[in-house]
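Here is a short tour for anyone who likes to look at side chains up close. Have the model open and follow along.

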Amino acid sequence: MRSLPAAPPAFPNLQLSLLRIGVPVLLLAIAFSAFAVEPDVAAESPDWVQLFLGLFGGLALFLGGLQLLSEGMKKAAGQALKTVLAKLTTNRFTGALTGAFVTGILNSSTVTTLLVVGFISAGFMTLTQSVGVTMGANIGSTVTAQLLAFNLSAYSLGPVAIGFFMMFSAKREKVKYYGMMIMGLGLVFYGMGLMSSGMTPLRTYEPFLVILKGLENPLAGIAAGALFTAIVQSSAATVGIAIAMASEGLLALPAGIALALGANIGTAATTAFMGILSSKSAEATRASVVHVAFNVIGTLIWLPVIWLLADLSVWVSPASPELQGAARAAAEVPRQIANANTLFNVLNTVLFIGFTGWFAKMAERAVPDRARG
């Protein structure tokens, strides 16, 4: 009986590796938090140095936190998750549920898709089985956005401190990995807080408001979301920035939804590129093509009725009728963006789950066997 592909090996020197990851991120947090103090909102022209330090420093911490969170989870439960992914994909429905579960835990649809590519290359999974997992992975990727919409940045340094001490004081490796996860989660929220406060002066900066107004054009918003996601290689970062802007009253719901839809395309394109480069198997390349096709077709279907997605997200999201104007938008829109992102991926999976065979055949035509030598 063939065994599952081996889990990634543990760090040969865990303490040194944690130092390489954790300490630089903590130093970044201290440095950028010192600069990214909230400026005077009433200023006519923003302090661009403070703004960019807050925005990009926060983004660096956000991405670093996601990396720590994902690495900690993979090392604490990576083999178990791989076993679950390989065993529970006997049909399209269990495959979708398993893909959603594994991606929700790992906080990365890219990681899940690349695991699927590895299983296909090793012969543990067929292309048709992988389609359901890919669809479910998109649902799981929305978990991070849902967490971010809670706006817990005020409490984020608690998990950072707890995780840090767990990483460097615990004797058991598994406890250290849990510390990585806790610290990473804290850094994600802390980075969100820095990005949000860094963008505060843009509330009254007219040229920037005009640009954001342009993103309400669905095509412009989708293109911007896809491009930014392809650059930072994280759909969670794109949706996180959209939520951060919305929490400052800068981003309207239609623009936030367009950015989220673009983020789905951007992360699929990144996954496809990585899958093609890392695999010599035509089947594995087809799995990457399926991911792109699923997200692009889903976006095209919703594009003419994006208003319906907005209405659905408003309907399922909590309201703040006691607030008015920009304050109400800042309270309501972040959760509405997160819910719209989840609804988009859930409804697309429901629509397409019966067409896994069609997606597999389409990918086979797009990547014939002779194309991979």
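## A glutamate, its partner and a loop proline

Glu332 sits in helix H15. Please keep in mind that this is a predicted model. Glu332 is buried, since its relative accessible area is 11%, which falls under the 20% cut-off for that class. Setting aside neighbours within four places in sequence, Glu332 is in contact with Pro318, Ala319, Ser320 and Pro321.

Which residue does the side chain of Glu332 meet in a salt bridge? The partner is Arg328, with an N to O distance of 2.7 Å. That distance qualifies because a salt bridge calls for a side-chain nitrogen of Lys or Arg within 4 Å of a carboxyl oxygen of Asp or Glu. A search of the whole structure turns up one salt bridge. Arg328 is partly exposed, with a relative accessible area of 29%.

Now for the loop. Pro304 lies between helix H13 (282-302) and helix H14 (306-316). Pro304 is exposed, because its relative accessible area of 59% is over the 50% cut-off. Along the chain, Pro304 and Pro218 are 86 residues apart, while their C-alpha atoms are separated by 9.0 Å.

The accessibility values are set side by side here.

| Residue | Relative accessible area | Class |
|---|---|---|
| Glu332 | 11% | buried |
| Arg328 | 29% | partly exposed |
| Pro304 | 59% | exposed |

Notes: Residues are numbered from 1 along each chain as its sequence is written. This is a predicted model: local features need pLDDT of at least 70, side-chain atom pairs count only at pLDDT 80 or more; totals for chains, interfaces and linings use all residues. Side-chain values use heavy atoms; hydrogens and water are left out. Buried means under 20% relative accessible area, exposed over 50%, partly exposed in between (1.4 Å probe, protein chains only). Helices (H or I, at least four residues) and strands (E, at least two) are DSSP runs, numbered from the N terminus. Contact means heavy atoms within 4.5 Å.
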